[in-house]
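The following note sets out comments on the model under review.

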Amino acid sequence: MLYGQAQTVEVLVLDRESRPVFGARVEVKSAQGVISTAETDQKGHVAFPQLQPGRYGILASKDGFEPLQKGEIDLSQPGSVAIELTLVPALAHHESVEVTATADAVQQGSSTPNQVSMRTAKELPGRPATVTDALPLVPGVVRSPTGDLQISGVGEHRSALIVNSADVTDPATGQFGLTVPIDSVESLRVFQTPFLAEYGRFSSGLVSVETRRGGDEWKWEINDPLPDFRIRSYHLRGLRDASPRLNAEGPLIKGKLYFSEGLEYEVRNIEIHTLPFPFNQQKKAGVNSFGQFDWIASSTNLVTATVHIAPQRLGYVNLDYFNPQSTVPDASTHNYTATFADRFTLAGGLLENTVSVTRFDANVWGQGPDDLTITPWGNRGNYFAQQNRNASREGWSPSYTFAPLNRLGVHSFKVGSYLAWSSDEGEVHEHPINILDGISRLLERISFFGGRPFQMSDTEYAFFGQDHWSISSRLAADLGIRTESQVVSHSFRVAPRAGIAWVPFANTGTVVRLGFGFFYDRVPLDVYSFNHYPRQIVTMFDENGNVSAGPFFYLNALGLVNTRGPLVFHQNVQGNFSPRAATGDIQVEQTVTRVLKLRVGYLRSISTGLVTMNPMTPDPVTNIGVNELSGSGDSRYRQFELTARVQPSEKYQAFFSYVRNRAHGDLNEFANYLGSFPLAIIRPNQYGRLPGDLPSRFLAWGTAQLPMGFRISPILEYRDGFSYSEMDAAQHYAGIPNGNRYRNFLSLDSRFSKDVKVNAKYTVRLSMSSYNLTNHFNPEAVHYNIADSAFGIFFGGRGRRFTADFDVLF
């Protein structure tokens, strides 16, 4: 948003979903009457310069919306004035409701994201503290049993996370890391098909976060100020969690410099219910701080600087029934990000420059030096991998949006580029792994040799051009092309994209959106560090403990891609990877009434060139094999989505979604073996269900204001169970990989709250949350090994439970 200087008023008109309203009529009134009138542009902006000192009123109106008036705007003193107005749909004053499709429906273009209201998310029983905590509220995003996010059926390393247009993913792994505190978020949008060419470096989805700036008045908010204690058998058994959050915002220099800060301190002892107390405590402690400064340099220039600091200490990572405390690692991570953004109005357009610096540090270690022993009924010993790494990225994203061009409609052209320099350095050490059968006989031993420090670097560059072409009030097209390159991958990629938004019938409220495009993943640097990892020595044993095969020596190598797509150009060298997806979708939106909006959509994505781990059979003469990272992986994703949004007023809103998807592909994705917590066993690559494959998922959540100031916020989820694989005693696949499913999941949670005003300054929000109100059995684990005497038994479900908390509002 741009802001005016003294005697200038800048107005931003939005709908209640925070989307710009195009063509709204805005009037400036004085005591003498209307002195100026203008209409908002495609971004919902309109400016009134050179107003004389005095007091004014603003009136905004548009067909289909209730008029909104804001009075007593004081321009008697120097300083800029920015007005943000939110229009709500017009109320029906007769028995039938006539729905009119207007130009703003197509101005949103072919790429419409799923959005989450931060205010609503914070009122739900899960109480999300960060962006990643809130993402499972979005259709097409789920959290797997291991805690990993699955976006469009695949892991987060194939998606991008941008905060205020800056890439904040880990350069080494592609993971999101500890994300921005939710109290600092203004808007959270998830694109599964962003056909605008300005977006890149992903093949699955895009998470876009815009953060809050300080307002004209100082505001303070404290959430969860008191710790929760663990009570067992009516005795105090220590701290369960403490997560106080402070949010502060306001003007440092009124009309010029604004500040906002979201700060969270977190200590959690997470109880794993499949293990006995007190050996079931997974620990987490850290600080998550996000600060933002906004400087209104002039009527045409806004400067924003942000700093995100997130050190974290993790204890007993990935703790579960089969991996008790001794077998899982501890970790220490540090995430630091700073951004500087400059927005300048130039020649009727907008020039934007964003500079970012990101650093991810990670140290992972086991509980001791013992070998890791894997058995059909559970593991013992110590975690096998120890690593330390430091990854960083410096990025620059300049872009220019031209003034609208009226030629065969209205064209909004935008061009830009992305330049980034990244590095990853560190070292990995690994301990031996022993695999035992059902009667504790040694079947296989994996030891390691070699390994050396690595230091990788890369330069990325991308260029894009796009046009949002408003052909008429009922038809708009998005056309664009993007080129990307990574020096380390020796490849150059071209990504054309196109989409349309179309209102086929007047006065019906129907909008059709469809598009198709090519998308390319960035290849994380840990892929190119793999040949510096320790190498495996595998030895097989018979029932008497004698060597039956081996030892086999496995080298680490990067594969060579000999084939290329029509839009990919690369050199014939090892590691010339270009993971990509061809994705298309169609959506139909229908405004049924003023309170009900429906959307139905179908998406299909075909991914090729994915980086996968492929163990190659050892040579029978030399006993030397290869664990190769190749660029030959594939995946397929299909999704049908039906959503409904009901909002009769600001006091009541509800969201319903049903998603049916199918996600199949190569199972040995590199992220399973090269991340911060790699898997111990490298199995032959198989093609099958991916972890995010969920044939059916129904999700509903909302908020409602009750009498006497009470408020209720329920959330209901029903879905198919996640897939899992059966294993034999040697830890080989027994049957079809990921051919089995957990039981269907059902959970009804709710939060009941009331604000109690202590005095004119302080308000206390009291709340009680309930979880799994139906007491449905949702197992957390299953005995999956056919050599386990308890094979096939699901266990670890949590029953009905309640918690209470309070927040302090200033």
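1. Strands β9 and β10 pair in the antiparallel sense over 3 bridges, where strands are DSSP runs of E of at least two residues, numbered from the N terminus, and pairing requires at least two DSSP bridges between two strands. Within this pair, Val 142 has Gln 150 of β10 as its bridge partner. The sheet is open and has 3 strands in the order β9-β10-β11, with antiparallel pairing. β9 (141-143) and β11 (154-155) each have a single partner strand and stand at the edges, so one side of each lacks a neighbour in the sheet.

2. The model is predicted: local features need pLDDT of at least 70, side-chain atom pairs count only at pLDDT 80 or more, and totals for chains, interfaces and linings use all residues. Residues are numbered from 1 along each chain as its sequence is written, and side-chain values use heavy atoms, with hydrogens and water left out.

3. On confidence, the mean pLDDT (the predictor's confidence in each residue, from 0 to 100) of the protein chain is 89, and 94% of its residues reach 70 or more. Over residues 1-6 the pLDDT is below 50, and this stretch has 30 contacts in the model beyond near neighbours in sequence; contact here means heavy atoms within 4.5 Å. Residues 90-103 also stay under 50, and for them the model has 23 contacts beyond four places in sequence.

4. On overall form, the protein chain contains 4 helices and 52 strands, helices being DSSP runs of H or I of at least four residues. The radius of gyration, taken over C-alpha atoms, is compared with a globule rule of 2.2 Å times the number of residues to the power 0.38. For 810 residues a compact globule would have a value near 28 Å, and the chain, at 28 Å, agrees. Its C-alpha atoms fill a box of roughly 100 × 70 × 50 Å along the principal axes. Of contacts between residues at least 6 apart in sequence, 67% join residues at least 24 apart.

5. Of the 810 residues, 54% count as buried, that is, under 20% relative accessible area, with exposed over 50% and partly exposed in between (1.4 Å probe, protein chains only). A nonpolar core is a set of buried Ala, Val, Leu, Ile, Met, Phe, Trp, Tyr and Cys residues joined through side-chain atoms within 4.5 Å. The largest such core has 28 residues, and those with the most contacts inside it are Val 131, Leu 135, Leu 188, Val 207 and Val 209. Elements that each supply at least two of its residues include α2 (118-123), α3 (131-134), β15 (206-211) and β44 (697-705). The largest share, 3 residues, comes from β14. Apart from this core lies another, of 20 residues, among them Val 13, Val 28, Tyr 56 and Leu 87.

6. Which residues does Val 207 contact, leaving aside its neighbours within four places in sequence? They are Val 131, Leu 135, Ile 151, Ala 160, Leu 161, Ile 162, Phe 176, Leu 188, Arg 189 and Val 190.

7. A further open sheet has 5 strands in the order β8-β14-β15-β12-β13, with mixed pairing. Its edge strands, β8 (114-116) and β13 (166-167), each pair on one side only. β8 and β14 are antiparallel over 3 bridges, with Gln 115 opposite Arg 189 in β14.

8. Strand β29 (residues 410-430) runs antiparallel to β27 (residues 385-401), to which 15 bridges join it; Gln 387 stands opposite Val 428. On β32 (residues 454-472), 17 bridges join the antiparallel strand β29, and Ser 423 stands opposite Ser 457. β28 (residues 405-406) pairs with β29 in the antiparallel sense over 2 bridges, Asn 406 having Val 410 as its partner. β28 and β29 form a hairpin with 3 residues between them, and Leu 408 in the turn has a positive phi of about 55°.

9. Asn 627 is found in strand β41 (residues 624-649). Is Asn 627 buried or exposed? It is buried, with a relative accessible area of 2%. A polar contact of 3.5 Å joins the side chains of Asn 627 and Gln 536; the term denotes a pair of N or O atoms within 3.5 Å, where, within protein, one must be able to donate a hydrogen and the other to accept it, and residues adjacent in sequence count only if both atoms are side-chain atoms. Beyond four places in sequence, the contacts of Asn 627 include Phe 530, Tyr 554, Met 613 and Ile 682.
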